[in-house]
Amino acid sequence: MKKIFFIIFLLLLYSSPLLARVYIVIDEPSEKKFPIAITDLILLGENKDKEKWTSNLPDVLKKDLTLSGLFEIMESDIFPERDHYNVAPDRVQFSAWSLIGAQGLVKGSLEYANDRIIVELYLYDPFLGQKLVGRRYVAQPEEMRIVAHHFADEIMEVLTGERGIFSTKITFVSDATRNKEIYVMDIDGENHSRLTRDRSITLHPSWSPTGRWIAYTSFSNTGYPEIYVIDMKDKTQTRLTGNQTSNLSPTWKPGTNLITMASSRTQDTELYLIDLKGKIVSQLTRSFGIDLAPSWAPDGSAFAFASERAGRLHIFRADADGGNVRRLTFVGYHNDRPAWSPKGDKIVFQGRDQGAWDLFIMNTDGSNIQRLTAGQGNNESPYWAPNGRYIVYSSNQTGRNLIYIMKSDGSNQLAISAPGNCTQPSWSPYFK
Amino acid sequence: MDILFERNLFSKFLLRSFIIHLGVFLLLALSPYLPFSQYHRRIERITWITLPKGMTDTMGMPIKKSPDLPKTTIQEQKEIPKPPPPPPAVKEDTLKIPTKEAPKVVKPIPKPRPKTPEEIMMEKALARIGETVKKRAAPPEMAQIPQNIESGGTPYGSPNPSDLTPKDAEYALYQTKIRGRIMEEWILPIAYANQNVPYICLIVVKINPQGEVIQSYFEKKSGSPAFDFSAMRAIERASPLAIPPDGLKREVLTEGLLVEFNPQLKKD
């Protein structure tokens, strides 16, 4: 009997060979963009929508999300709900939206109440059938763009965990009036306005860490390039230097109201730290050969700058007091305008290569230099978005100098329109 | 009486044997700690890993100094065509070395006949293809890309350390194909890609011999519905997957694939 059991056991063992599951590791999602559907808003109450904000507001939202480089805006002709009248979470047909592959869905309504507009906006996840964000805004008709930018920020915040940059601004130099003046605009290139009326040459605008001031260089009063600041509260301008030499490329030291500038007050161009009254706080560099274009690390512990001390113009870094200078670039022959990332991990700079300026990015110790732009005219004056994800720069790839935004890996390069030749952009900080 | 005597003798023998064995065991076990041992410090740990391509910058090994600024952008480097998949496994019988050398036959060299227009066209086309391929050769800064998706290397090490036999090569190739296909379809909610939250989910996927997904269920959930949904959607969209090789058809149908979604592995 035992023998029979033993034989049966052996047979069983033989008939079931060990099968193992094939193991697959997926450690990286695809680079496909996140498909999001944005519907027109429903107009509630009386029809006073002269400016068509029911479609204009979603358009602003769409442009913002396109600029972010993370979203694929779905075409409206495949939308399953034609009338879009189901806005409330319990009435949206989530299964229909998830069927067309929408991973995010924006719906909303708009209502005129006296001279104000009440806008309600929702972001849904159709697959989960959940509301991710819902906001109600009461605003003037001229504030509709602000509402759209604000909701774009909300979408970014909930989907990426990082604060959006759509409510920030960009300042730049334009020759739209034939003189080079300082302008400011929304990050989608709209809503631009002129800040200076110097009728001269103004250069290098730079936003202060709090967003209150913009420092810049102007030739207007003395005929020499001097440093000025604009108070963004009342748009008044103050001249900080008056030494009748070159005072260039002002940039702010993070967490302070101090401005770093390159000045040739002692024959050689060196970097100085000045306060808002123009008083020199300290001299940062003392070496033969010009030093210019300083850019601070976000914690203010070090700064990068361009210097000719090694013969050709190269990128260097120094500690906050100007000591411990280290050379960062050894390749190329003309590397200028470094910009230290707000995350603190990268430095972007412009390098001259094959007769044109192009943008490069490297680690803050000078390692791993990578190219961001190639073969598209001159690409200059890189500057970081406050979240460290995007870089704004100017390019003449279409013949005219325009402001461009790209992701920090060089993808999603998009021009944002503004009048005239636009150069030397500077991105604002987050406004509180 | 005899039997009793023999039993006593046997148990004595057993006891002695046990004591001697214990002594030898203790000697061996304690030898590293004994003062006369000269080998007690020489314990080395060896960890077997597979190095993925182009991760030298994260490993403290500097990238080779370039004499000039890089010529291609990060985006251009991504567009460079991936190397072709490894050739299919060689059958064993083709590897047999012929025991006898074939007798040499001296043949008269044939005169080159004039080429037909088709042949000339074909040669030109081949030359053109050759030139394009040369142009597309990976630039030196290729090594700066963190990791190529198709490389198949994972921080877990080689999928099968003994992939030397033809069957194992085929197995690894199948794994690579499946991995690439699911990765292509995985659109992760953006928040998870940037956060250092260790979301991991495991999905069992059963596949019929045609490569279609016939069943998929969670072996382990991440705790985040959005993350789990994105993974399951990727599996659904990726179907039909590559046709499994004959040697695996039964496994993938009955046991299935175990797919681990784990973005943290990339960062480690």
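Buried area here is the accessible area, taken with a 1.4 Å probe, that two parts lose on being put together, summed over both. For chain B and chain A that comes to about 4,800 Å², and carbon and sulfur atoms give 58% of the area. This is a predicted model, where local features need pLDDT of at least 70, side-chain atom pairs count only at pLDDT 80 or more, and totals for chains, interfaces and linings use all residues. Residues are numbered from 1 along each chain as its sequence is written, chains are lettered from A and ligands numbered from 1 in the order in which they are written, and side-chain values use heavy atoms, with hydrogens and water left out.

Now for the interface itself. Counting contact as heavy atoms within 4.5 Å, 59 residues of chain B touch 48 residues of chain A. The rule also finds three salt bridges across the interface (a side-chain nitrogen of Lys or Arg within 4 Å of a carboxyl oxygen of Asp or Glu). One of them joins Glu185(B) to Lys32(A), at 3.4 Å from N to O.

On the chain B side, H4(B) (166–185) is among the elements that supply at least two residues each, and H4(B) gives the most, with eight residues. Helices (H or I, at least four residues) and strands (E, at least two) are DSSP runs, numbered from the N terminus. Sorted by class, the side of chain B that touches chain A looks like this:

| Class | Members of the class | Residues of chain B |
|---|---|---|
| Nonpolar | Ala, Val, Leu, Ile, Met, Phe, Trp, Tyr, Cys, Pro | 31 residues |
| Polar | the others, Gly among them | twelve residues |

Strands count as paired if DSSP finds at least two bridges between them, and S1(A) (residues 22–26) has five bridges to S3(B), running parallel. Along that pairing, Val22(A) stands opposite Leu257(B), while Tyr23(A) has Leu258(B) as its bridge partner. The whole thing is an open sheet of four strands, ordered S1(A)-S3(B)-S1(B)-S2(B), with mixed pairing. S1 of chain A and S2 of chain B stand at the edges, each with a single partner strand, so one side of each has no neighbour in the sheet. From one strand to the next, the twist averages 25°.

Definitions and conventions: Axes are lines fitted to C-alpha atoms, for helices over the stretch in contact, and angles run from 0 to 180 degrees between N-to-C directions.
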